[in-house]
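Here is a short report on one protein chain. Keep the sequence and the model open while you read.

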Amino acid sequence: MRPAWVEIDLAQLRENFRLINQDKQPQLQILSVVKNNAYGHGAVEVAGAAIASGVWGLAVVTIDEAISLRERDIRAPILLLGERMPEELPACLHYDLIPCINEAKKAVMYAELALKAGRRAPIHVEVDTGMSRYGVRWEKALPLLLELFKLENLTVAGIMSHFAMSDEKDKSFALLQLSRFNSVLQRIENAGLPMPLRHMCNSGGYLDLPRAHFDMVRLGILPLGVYPSAVCRRIPGIRPVMAVKTRIVAIQHLQPGDCVGYGMRYQARRAHPIAVLPIGYGDGFPRVRNTGSVLIRGRRAPIVGGNAMDATMVDITEIPEAGVGDEAVLMGSQGKEQISAHEIASWKSSVSYDILVGWRSRLPRRFLDERRSE
Ligand SMILES: *Cc1c(COP(=O)(O)O)cnc(C)c1O
């Protein structure tokens, strides 16, 4: 009932997956990254669309994220990104998850657990090629792999690396990382070790670095219709799946000298109306002051003052016909205007990912599922 909500367009989500399938090489596999509730879009819903579009599997970061997919009867392979603590390993086996294991000691522990369970457990190995986050350093990857291949109850089912910068114009560091990964793959081949799934690309790498596609790409943001940056390649027809909307709940008529909001950050120089929107930084909208705008009746209404936890005020001088009950779009399009996640991110010097995951669960999700007629 709350007059503020997140809309998820499932038809557009399916369309985005279809367009990506059309765009990619036929044999290239997709790993659908649905971590963090699919960047706030609903992990189960995005996973469902991904599986229907034929992806190889899903990726999440936490065990809880993986369990909640399994509990919804999702049986697709689930790769866990990041590093596991030893106490998380039993759950990996129990829920049939694929952890990344990048050191011998942890691999031995996992192999022992698998032996006790009478299983042979798949793992992937992450190679750190320059991100300095997770994984075995590229020069040390082959000796580790030789150790891992000796463990009877483990199957090294894949190898991965991750780009630090794949979506900028300057690809020089990405290419250095790629050459390090290639050198590891070459050594694996020379050693005669089988390696069925090699993967390195996120959305930026998928779009701009076809030489780094290998067997699979890990796509999080692209199927959601948001590009990882302003400069990467575009796929015509891909559009955002998420929109954030509210309704005008009050209109105030300012007199010259009146102030707006906490901290009195806006003072009216002339008489003009403002609209009050019942949504604020407590819902994940950035805490801004006299920055940014929302869409009302297809036009931009600038934010005035500092927004509150639960309210945001906007200048509607240019939209005099606006009234209580009118829909206001915080993120998304209305008429010919659009406010993107990138634009909102720029108000707080952040990235679109941060804006997408930032919308709180306090905002109800409305899933739209109209069949497209085209
Ligand atoms: C989050 C993540 C991805 C997905 O990145 P996008 O830019 O959203 O496509 C891929 N790989 C790893 C290791 C990640 O952590």
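## Basis of the model

This is a predicted model; local features need pLDDT of at least 70, side-chain atom pairs count only at pLDDT 80 or more, and totals for chains, interfaces and linings use all residues. Residues are numbered from 1 along each chain as its sequence is written, and side-chain values use heavy atoms, with hydrogens and water left out.

## The whole chain

The chain holds 11 helices and 21 strands. Helices (H or I, at least four residues) and strands (E, at least two) are DSSP runs, numbered from the N terminus. Along the principal axes, the C-alpha atoms fill a box of roughly 80 × 45 × 40 Å. Of the 374 residues, 53% are buried. Buried means under 20% relative accessible area, exposed over 50%, and partly exposed in between (1.4 Å probe, protein chains only).

A contact means heavy atoms within 4.5 Å. Take the contacts with a separation of 6 or more: 65% of them join residues 24 or more positions apart. The accessible surface is about 17,100 Å², and carbon and sulfur atoms supply 51% of it. That area comes from the Shrake-Rupley method with a 1.4 Å probe.

## Charges and salt bridges

There are 46 positive and 40 negative side chains, and the centres of the two sets lie 2 Å apart. Lys and Arg count as positive, Asp and Glu as negative; His and the chain ends are not counted. Each charge is placed at NZ of Lys, CZ of Arg, CG of Asp or CD of Glu. A salt bridge is a side-chain nitrogen of Lys or Arg within 4 Å of a carboxyl oxygen of Asp or Glu. The chain has 23 salt bridges by this rule.

One of them pairs Arg2 with Asp283, with the closest N and O atoms 2.8 Å apart. This pair links distant parts of the chain, 281 residues apart: Arg2 sits in the segment before strand E1 (4-9), and Asp283 in the loop between E15 and E16. Arg2 is partly exposed because its relative accessibility is 22%.

Asp369 and Arg14 form another salt bridge, at 3.0 Å from N to O. This one also links distant parts, 355 residues apart: Asp369 lies in the segment after strand E21 (365-368), and Arg14 in helix H1 (residues 10-23). Asp369 has 42% relative accessible area, so it is partly exposed. Arg14 is partly exposed too, at 31%.

Lys106 and Glu103 also form a salt bridge, with their closest N and O atoms 3.9 Å apart. Lys106 is buried at 8% relative accessibility. Glu103 is partly exposed at 36%.

## Two buried loop residues

Where does Asp283 sit? Its loop runs between strand E15 (272-277) and strand E16 (293-296). Asp283 counts as buried because its relative accessibility is 0%. Leaving out residues up to four places away in sequence, Asp283 touches Arg2, Met309, Gly358, Trp359, Arg360, Arg362 and Leu363. Asp283 also belongs to a network of salt bridges with Arg2, Asp310 and Arg362.

Ser161 lies in the loop between strand E8 (154-160) and helix H8 (172-190). Its relative accessibility is 0%, so Ser161 counts as buried. Beyond its neighbours within four places in sequence, Ser161 contacts Val127, Thr129, Phe181, His199, Met200 and Arg218.

## Nonpolar cores

A nonpolar core is a set of buried Ala, Val, Leu, Ile, Met, Phe, Trp, Tyr and Cys residues joined through side-chain atoms within 4.5 Å. The largest has 120 residues, and Ile296 and Trp359 have the most contacts inside it. Helix H8 gives the largest share of this core, six residues.

Apart from this core lies another, of 10 residues, including Leu254, Ala268, Ala311 and Met313.

## Helix H4

Why is helix H4 (residues 63-70) largely enclosed by the rest of the structure? Six of its eight residues are buried. They are Ile63, Glu65, Ala66, Ile67, Leu69 and Arg70. The cover over these buried residues includes helix H2 (35-40), helix H3 (43-52), strand E3 (57-60), strand E4 (78-80) and helix H5 (89-94).
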